[in-house]
Every structure is written in structure tokens, then in C-alpha cells.
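Open the model in your viewer and follow along. Each stop says what to select and what is there.

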Amino acid sequence: MGRSRSRSRSSSRHRHKSKRKKIVRSKSRSISRDRNRRDRGSRIRSRSRDVKKGSRKRSFSSSSSSSDDDLILRAKRREEEEKKAEMERQRLLRQKELEEKMIEEEVARRVEELVAKRVEEELEKRKEEIEAEVLRRVEEAKHIMELQMLNELESQRQAELEAQKRKEEEERKKRQELEAIMEENNKKIEEAQRKLAEEQLKLVEEQRKILEEKQRLEEEEQRRLKRDQEVILNKKNARPKLSFSLNAK
């Protein structure tokens with residue numbers, strides 16, 4: 001049974017392969033025939049074209065002198081017609097643009113009116129809600145402003161306290177500096193007074209010494225004068241006394 005099945009399968013495969021080969025061969029033959037037919041037709045058409053071109057060239061050379069004016073007139077007419085067509089096209093284009101602009105403006109106006117109407121209707125419907133929301137926001141803004149004002153006042157008070165502290169500290173430093181300067185000046189004054197007192201004492205002592213020396217000199221001078229006077233007096237006393245007597249005769 002297995003061998004018969006394998007033989008039947010191999011025979012069927014062989015038949016399929018032979019059929020495919022036949023189909024491929026028939027297709028290749030038909031394609032080659034079509035190619036040959038197309039080549040023959042193209043050669044015939046090219047020959048007929050060459051014949052027509054030659055006939056056209058001969059007819060054009062014979063009638064060229066008579067048809068130049070017609071060609072010029074036709075070209076001018078064609079140019080005028082093209083200009084008119086272009087002008088008409090431009091006019092229609094401008095008209096179309098103007099109409100489109102008018103339509104856009106009208107549409108925009110109607111849309112704006114419709115939007116305004118819808119907004120007004122919506123506002124009318126939500127009037128109470130909007131008023132309540134506005135009041136709520138006003139109260140909220142008021143509360144925020146109050147908090148801001150309180151914060152600003154507190155900041156201002158703190159700034160004033162800091163400024164007062166700085167001022168007091170500066171005044172304290174100035175007082176300390178003045179006290180230090182005054183103490184230094186007092187020390188200098190006391191030192192100057194002490195030196196002045198010492199100098200005055202020295203001066204008084206010198207004056208006392210001068211007076212004592214002067215007094216001593218005066219006393220010595222007086223003693224000398226006294227001695228001199230005593231010497232003079234002693235000399236006077238030491239002279240012999242002369243007695244003059246008159247004898248009567």
C-alpha cells in the first residue's frame with residue numbers, strides 16, 4: 001500500500017512538471033511571435049512617417065511664401081485673444097477674491113453677533129452664579145490685601161525696630177568713643193597739669209632760691225657796709241685828740 005501511494009505521488013508530480021514545461025514553452029513562443037509582429041509593425045510605421053514627412057516638407061516649401069502673412073495675422077490674433085483671455089481671467093480672479101472677502105467679512109460679522117448673543121444669554125442664565133463668584137473673589141482679594149497690609153505693617157515695624165536698634169547701637173558706640181576721647185583728653189590734661197605744677201614748683205623753688213640768694217647777698221652787703229662803717233668809726237676814734245689851750249701872758 002505504501003509503495004503504491006508513493007508511486008502515485010511521484011507520477012502526479014511528473015505530470016505536473018511536464019504540464020508546467022509545456023505552458024512555459026507555449027508562453028515563450030507566443031511572446032516571441034508578439035515581439036516579431038511589433039517589430040514588423042514599427043518598421044512599417046516608421047517608413048510611412050518618413051514618407052509623410054517628405055511630402056509635408058515639399059508642400060511647405062511650395063506654399064511658404066503665400067502663408068507667411070496668414071501666419072503673422074494668426075499669431076497677432078492669437079496674442080490679442082490670449083491678452084483678452086488673461087485680462088478676463090484677472091478680472092474674474094479679482095472679482096472672486098472680492099466676493100470671497102465680502103463673504104468672509106459677512107461670516108465673521110455673523111459669527112461675532114452669534115457669539116455675543118450666546119455670551120449674553122449665558123451670562124443672563126448664570127447671572128446669580130457669576131455675581132456670587134465675583135463677590136467670593138472680591139472677598140478673597142480683600143482678605144489677601146488685608147494679609148498683605150498686615151505683613152507690610154509688620155515688616156515696617158520690624159524694620160523700624162531694627163533701625164532703632166542700629167541707631168541706639170551707633171549712639172552707644174559714639175558715646176563710648178566720646179568717653180574714650182574725653183578720658184584720653186582728661187589724662188592728657190592731668191598729665192599737662194602735673195607737668196605744669198612741677199614746672200611751677202620748679203619755678204617757685206628757683207624764685208625762692210633767687211630770693212634767698214638775693215637776701216643773702218643783701219645781708220652780706222649790709223654786713224659789709226656795717227663793717228665798713230665800723231672800720232671808719234674805729235679809725236675816727238683811734239686818731240689822737242688835739243687840745244688847743246691859750247695861755248695868757
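Start with D228, which is partly exposed because its relative accessible area is 32%; buried means under 20%, exposed over 50%, and partly exposed in between, using a 1.4 Å probe and protein chains only. This is a predicted model, where local features need pLDDT of at least 70, side-chain atom pairs count only at pLDDT 80 or more, and totals for chains, interfaces and linings use all residues. Residues are numbered from 1 along each chain as its sequence is written, and side-chain values use heavy atoms, leaving out hydrogens and water.

Helices are DSSP runs (H or I, at least four residues), numbered from the N terminus.

Next, select R208 and E212. Their side chains form a salt bridge at 2.3 Å, N to O. R208 is partly exposed at 35% relative accessibility, and E212 is partly exposed at 40%.

Move to K187 and E183. The closest N and O atoms of this salt bridge are 4.0 Å apart. Helix α2 (residues 127-238) holds both.

How many salt bridges does a search of the whole structure find? It finds 20. Select E106, R109, R110 and E113 to see a network of them.

Finish at I103, in helix α1 (residues 2-125). I103 counts as exposed, at 53% relative accessibility.

Conventions: Helices (H or I, at least four residues) and strands (E, at least two) are DSSP runs, numbered from the N terminus.
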